[in-house]
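Biologist: Hi, I'm new to this one. Can you put it up on the screen and walk me through it?

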Amino acid sequence: MNCAECRENLVACVEGLLDREESLQCQAHLETCAACRAEHAAITRLQRQLVARGQTTAEVSLVEPVMRRVLQEQKKTERETIMSTILKHRWGFGLGTAAGAAAIILIALLTLPKTQATAAEAIAAMTKGAQAVAQLTSIHLRGQLRTAPQDNFSYINADCPFYTIELWKQFEPELKWRVEKPKRVVVMDGKSTVMLIKTDDTGVKFPQRTTSAFDTEWLHRIANLSNTISNELDNARAKGWKLSLTEETRADGKLKSVVTVLAKSGVPDNDYCKNTFMENADTRRVYRFDAQSKLLESVQIYLTRPSGEVQIFDLSQIDYNQPIDSGVWKLELPADVSWAQLPEQLSKLPDNEKYASMTAQQAARAFFEACGREDWNEAGKFMSPINDRLKEYLGGVKIINLGEPFTSKDYPGQFVPYEIKLQPQEFNVRVSNANAAKRCVVMGMYDNKLRLQQDFKWSTEPEVLTNNDAYARLTPTEVVQAYFDAQSKLDWVEMHKFTSESDVKETKNQVEAAEKQGMDVHKLMPVMEAGEATWSAEQSAWFVKCHAVQVKKWNIAVRKDNPAGRWQVDGGL
Amino acid sequence: MDLTDKEYVERCRDGHQEDFRVLVDRYQKPLFAYLAGRLRDGLQVEEAAQESFVRAFLSLKKLRKPESFYSWLLGIAGRVAKEQLRSMKHRQQDCEVTESIMANAADRREDYPLEEAIAALPESYRQVILLRYYEGHSCQEIATRLDLPLGTVTKTLSRAYALLRQELAARESAEPTVNQTELP
């Protein structure tokens, strides 16, 4: 083999593509020719570089996230979330959507404001906080958010009690994260991202790793102070947000740097979605750093409304670089989980045009009518998934009225006002007299299959009433019926004799909120009847079978920014 | 046989947006490697890579030479990376941001000309390099996939090596840049 032949074969040689004889000839030539050896070495070096590149990028998988963003950008979708306020008011305001006993313990701070510094100094304090955690391998945030437990991760409601929301995030050796509210959880285990809505056993899966997903970005941002700084600073520049720094000395003499950000969402005050999600809310955000360690120690977020400020978020537990149990990255899914189809994967129907040409109101009507006929195949063209819960809830529904659709600056679809009459719904109420007053009181709500919907936490024992004996003689069924009656009469004092203070408060809030929106509360209040009671030895309580007939008036959210261009129900049921 | 970059770009422009996924699939790994040479960590790189593809998609109509899609994409990625670094630097000037991040990024600047050199290859050569090293296919598998004799694949690979080495040698003395004539 001469030099020309050898060089022609060098790449094949380093790739191992030569047959034995050619390979031996090549090797023999290389042993005798320094120039070809140098050429061989150069090719081998380049091959190693190329192989190394392939190895470092073997796990890269950007297709789905890019395509999702591409579709979102194209349709000018503003929010990442795909499932919003699903079955948010399943039980109507009559039964309450949330147990109210999740009381928050706020840290009592003895503060002595000393200095007011500039925005640049505020950013400097945050930057030092970011530097203090530059070698972050993991972080765990545990906070309290005023929200509905099953609703979106960024959903806020000043009238709701506080619920725990947590983020676990591991940066090394590979990125993993989990965000959890009581009834909604999402886990990114390094391979895929799966969300579970526990009230419906609905799952949503992105088959790839994500840096954040659904509407958890606001929490990730707190975990990654560099992003927070970037976000707050960009907004300060673009939207004129005000940043300030104060110092405070605690009772124990420790100095804290407090950065306050006044965030304006830019969403008009009269917008339907205003102040419903972190991103569209006007807030005052308070980041508190330890002046010595520079570490971020707490975050408080206040909703700033014309009527005054309400605290909606309190983060007081931040664990830096603590080992995270591997169980955190595992999500136990129920056997009968219903998987929601991702909007971007929605394909066209054979008669797609029929659906694509509908108005939002026509789509809402077609959806409710399909549910009314229990034609789930048809209803499934408007919503995914159609699971048993939804069938129970909307099966047989009758439309009373549909209003003119309206829009929000913060939502890419439309809202259609509706008034519907639901089929009687069966549910169960757990009552117990294992208390000091020895009378039956309501302890929890269960669906018709005895799955817990709402646990009523009593912060104090039921009190002994002046005529306690009369109440103690009531049967479990009579107690539940009396509870319903007091509720429908809006008799809060009487209602409190049967249920926890937080339940009364929550119901009252819902009624007041409904009245503010001009609803006829008496007309909309479900008619509820208590039936047979069954003793559960396991739970040491009575379960009273009940049913409710309810008129529901709300706004259904529909959007058509998907590849099929069909309206999809996105929330507001 | 797969369509060329030019054909896919034209199909995307004609409303077949779903075809953009083929281009993402084709170039995600070299783009990632290119950005990894410029930025700090995997997370930043992934974000920058996504951002580059999205910007490319939104600007496809402005691409004058569809056959140069990859080279153009690298130009976009270069600007995205610069923006990220500048944004960090800007904050540093404002308020003493994270020197270590900048230092880290600077430390890793030596790697990325390889992707630029690959971008400069004619498409048939580039395709073989990407399939062989970024997709991990053997030459025999490439031959089957492209419906070519194994000998042709080997020759193409040899020629690609020669062109790559020429390109890298030419870049060695120059400041690393990519084709930035077509701004998105």
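What follows is a short chat about the two chains, their contact and some local details.

Modeller: This is a predicted model, where local features need pLDDT of at least 70, side-chain atom pairs count only at pLDDT 80 or more, and totals for chains, interfaces and linings use all residues. Residues are numbered from 1 along each chain as its sequence is written, while chains are lettered from A and ligands numbered from 1 in the order in which they are written.

Biologist: Start with chain B. How many helices and strands does chain B have?

Modeller: Chain B has nine helices and zero strands. Helices (H or I, at least four residues) and strands (E, at least two) are DSSP runs, numbered from the N terminus.

Biologist: What share of chain B is buried?

Modeller: Of the 184 residues in chain B, 46% are buried. A residue is buried if 20 or more other C-beta atoms lie within 10 Å of its own, exposed if 12 or fewer, and partly exposed in between; C-beta atoms are placed from the backbone.

Biologist: And the contacts inside chain B?

Modeller: Take the contacts in chain B between residues at least 6 apart in sequence: 69% of them join residues at least 24 apart. Two residues are in contact if their C-beta atoms, placed from the backbone, lie within 7 Å.

Biologist: How do α3(A) and α9(B) cross?

Modeller: Their axes come within 11 Å and cross at roughly 90°. Axes are lines fitted to C-alpha atoms, for helices over the stretch in contact, and angles run from 0 to 180 degrees between N-to-C directions. So α3(A) and α9(B) are roughly perpendicular to each other. Angles under 35 degrees count as roughly parallel, over 145 as roughly antiparallel, 65 to 115 as roughly perpendicular and the rest as oblique.

Biologist: Which residues make that contact?

Modeller: From α3(A), A:Ala42, A:Ile43 and A:Leu46; from α9(B), B:Tyr161, B:Leu164 and B:Arg165. By class, that is five nonpolar, no polar and one charged.

Biologist: What about α1(A) and α3(A), at what angle do they pack?

Modeller: Helix α1 (residues 3–14) and helix α3 (residues 34–56) of chain A pack at about 25°, with axes 10 Å apart. That makes α1(A) roughly parallel to α3(A). The residues of α1(A) that meet α3(A) include A:Cys3 and A:Leu10, and those on the α3(A) side include A:Cys36 and A:Ile43. This contact has eight nonpolar, three polar and two charged residues.

Biologist: Which residues touch the most other members of the largest nonpolar core?

Modeller: B:Leu35, B:Leu73 and B:Ala77, out of 64 residues in that core. A nonpolar core is a set of buried Ala, Val, Leu, Ile, Met, Phe, Trp, Tyr and Cys residues joined through C-beta atoms within 7 Å. α2(B) gives the most to this core, with ten residues. Not counting residues up to four places away in sequence, B:Leu35 touches B:Val45, B:Ala48, B:Ala49, B:Ala77 and B:Ala81. A second, separate core of 38 residues includes A:Leu141 and A:Phe214.

Biologist: Switching to the backbone. Where are the cis peptide bonds?

Modeller: One runs from A:Glu172 to A:Pro173, with omega near 0°. A:Pro173 is in the loop between β3 (162–170) and β4 (176–181) of chain A. Another joins A:Ser384 and A:Pro385, with omega about -5°. A:Pro385 is in the loop between α11 (376–379) and α12 (388–394) of chain A.

Biologist: What is phi of A:Glu374?

Modeller: Near 60°, a positive value in a residue other than glycine. A:Glu374 sits in the loop between α10 (360–372) and α11 of chain A. A:Glu374 has 14 other C-beta atoms within 10 Å, so A:Glu374 is partly exposed.

Terms used
Nonpolar A, V, L, I, M, F, W, Y, C, P; charged D, E, K, R; others polar.
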